[in-house]
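Notebook open, structure loaded. I want to go through a few spots and jot down what I find.

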Amino acid sequence: MTFEPVIGLEVHVQLKTASKLFCRCSTVFGADPNSQICPICAGHPGVLPLLNKKAVELLVNAALGLGCKITPHSVFSRKQYFYPDLPKAYQISQFDLPLATGGKIDITTADGKIKTIRIHRIHLEEDAGKLLHAIGNRELDYSLVDLNRAGIPLAECVSEPDMFSPEEAYAYLTNLKAILQYLEVSDCDMEKGSLRCDANISLRPVGHTKLGTRAEIKNLNSFKAVKEAIYYEIKRQMEVLNTEGRVVQETRLWDDSRGVTESMRSKEQAHDYRYFPEPDLIPIELKDDFLSKLRAGLPELPTTKKTRFISEYKLTDYDATVLVADRFLAEYFEQAVSKVGPEVAKPVCNWITTELLGRLNAASKPITESPVSAEHLAQLVGLVQKGTISGKIAKDVFGEMFETRQAPEVIVKSKGLVQVGDEATIAKWCDEAIAEMPAAVKEYKGGKERAIGSLVGLVMKKSQGKANPGLVNQILAKKLTA
């Protein structure tokens with residue numbers, strides 16, 4: 001039987017607050033274990049939580065940016081379960097009245113079509129702590145508990161089961177991350193745990209509408225892991241259905257080193273969390289003026305920015321998509337263009353998407369850590385546009401800029417790389433090239449116009465790459481047709 005996968009994602013996003021959701025403990029990453037806890041987030045008896053207003057603002061901003069319907073009256077609930085890293089033995093979350101419902105994210109599918117992925121709900125909750133089962137490469141026969149994350153504010157974004165391939169899930173996550181970064185809701189740094197994903201995967205016969213039995217893969221902490229885990233799980237469930245005939249509903253974990261999912265616990269019966277309203281927190285009431293102020297402050301989001309980049313800077317759809325996928329990359333591009341003018345936006349884009357991103361990716365650095373500033377990149381493009389240096393020399397200069405952080409003018413001047421535009425000098429090199437390559441001359445005069453490329457290459461070699469390529473072509477063509 002032929003099956004199709006159905007995928008839904010639950011994404012936990014750490015909100016960009018200075019303190020935790022219900023206390024004043026710091027949210028700074030990397031502190032010593034259990035150094036950022038207090039009686040409130042450690043779950044001591046008799047303490048009272050106090051809601052962080054900033055967390056509510058950030059979640060509402062996220063919901064507005066994703067086109068959600070805001071719930072003006074919402075409440076917190078206690079989600080009861082026991083786990084060693086949950087100090088209160090319950091988690092303060094939202095159940096029947098979340099802050100936001102509905103919403104959508106548009107993705108581009110493999111065939112180039114736009115597909116809408118619906119968002120079911122976004123709610124606010126506190127994070128649990130963290131269990132450590134190893135120190136470095138050494139596996140422990142016991143677990144260590146770090147409560148620094150306990151009480152960290154999270155926005156949980158739950159999609160509808162609208163995705164049918166790992167690629168669609170990857171595109172959804174990519175677009176969600178970009179939107180949240182533009183809204184400055186979260187840094188979305190998966191290495192720091194700021195964005196984590198649970199994937200729900202089920203298979204059903206092609207043509208059927210009823211969902212199959214799902215497996216949930218917990219705590220995927222990279223986009224690559226999400227895609228690979230979904231691929232594996234689809235393959236696993238397909239083999240089960242074609243042999244045993246029945247998939248068990250369960251929670252599974254992704255073993256990145258082995259590339260497999262493993263059973264964590266069975267979910268044959270729905271877990272009874274015994275939700276009930278949190279008695280220590282009053283309901284959240286969102287006033288119209290509060291929502292209007294947040295709506296008015298929303299930034300230009302990726303889709304709108306992409307449309308503007310295409311119309312204003314005459315970029316291709318692909319180029320604009322690459323640039324707007326990262327807010328900081330889009331800002332870098334516009335900073336550079338502002339220094340040289342919109343008429344050379346395309347060359348600026350080309351330098352960013354090829355030379356700069358290529359080197360940054362090789363060095364595993366984000367655009368925010370680029371050794372080449374937007375101003376210096378603009379200066380380099382300007383030197384090429386003015387004919388001060390050739391494109392070939394510019395690549396060498398860029399390499400040194402990346403290594404030394406120096407301005408391009410400084411490098412060009414110190415190394416004597418200014419492009420030669422003197423016609424007499426270039427004519428001399430052309431005469432030498434014509435004399436040294438009679439076969440290429442004969443081919444060109446015989447109608448093979450591409451043979452001039454060999455002559456141009458020799459002239460550029462003689463000039464150590466400094467000759468103006470346009471002039472070289474003009475002078476050679478004139479001499480060969482004389």
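This is a predicted model: local features need pLDDT of at least 70, side-chain atom pairs count only at pLDDT 80 or more; totals for chains, interfaces and linings use all residues.

Which side chain does Glu126 join in a polar contact of 2.9 Å? I looked it up, and the partner is the side chain of Lys88. (A polar contact is a pair of N or O atoms within 3.5 Å; within protein, one must be able to donate a hydrogen and the other to accept it, and residues adjacent in sequence count only if both atoms are side-chain atoms.)

Residues are numbered from 1 along each chain as its sequence is written, and side-chain values use heavy atoms, with hydrogens and water left out.

Still on Glu126: I find this residue in strand β8, residues 114–126. (Strands are DSSP runs of E, at least two residues, and helices runs of H or I, at least four, numbered from the N terminus.) Glu126 counts as buried because its relative accessibility is 4%, the cut-off being under 20% relative accessible area with a 1.4 Å probe, protein chains only. The Glu126 side chain also reaches the backbone nitrogen of Ile92 at 2.8 Å.

Next I checked a hairpin. Strands β14 (250–255) and β15 (260–266) pair in the antiparallel sense over 6 bridges; pairing takes at least two DSSP bridges. I see Leu253 bridged to Glu262 of β15. The hairpin has 4 residues between its strands, and Gly259 in the turn has a positive phi of about 70 degrees.

How values were computed: Buried means under 20% relative accessible area, exposed over 50%, partly exposed in between (1.4 Å probe, protein chains only).
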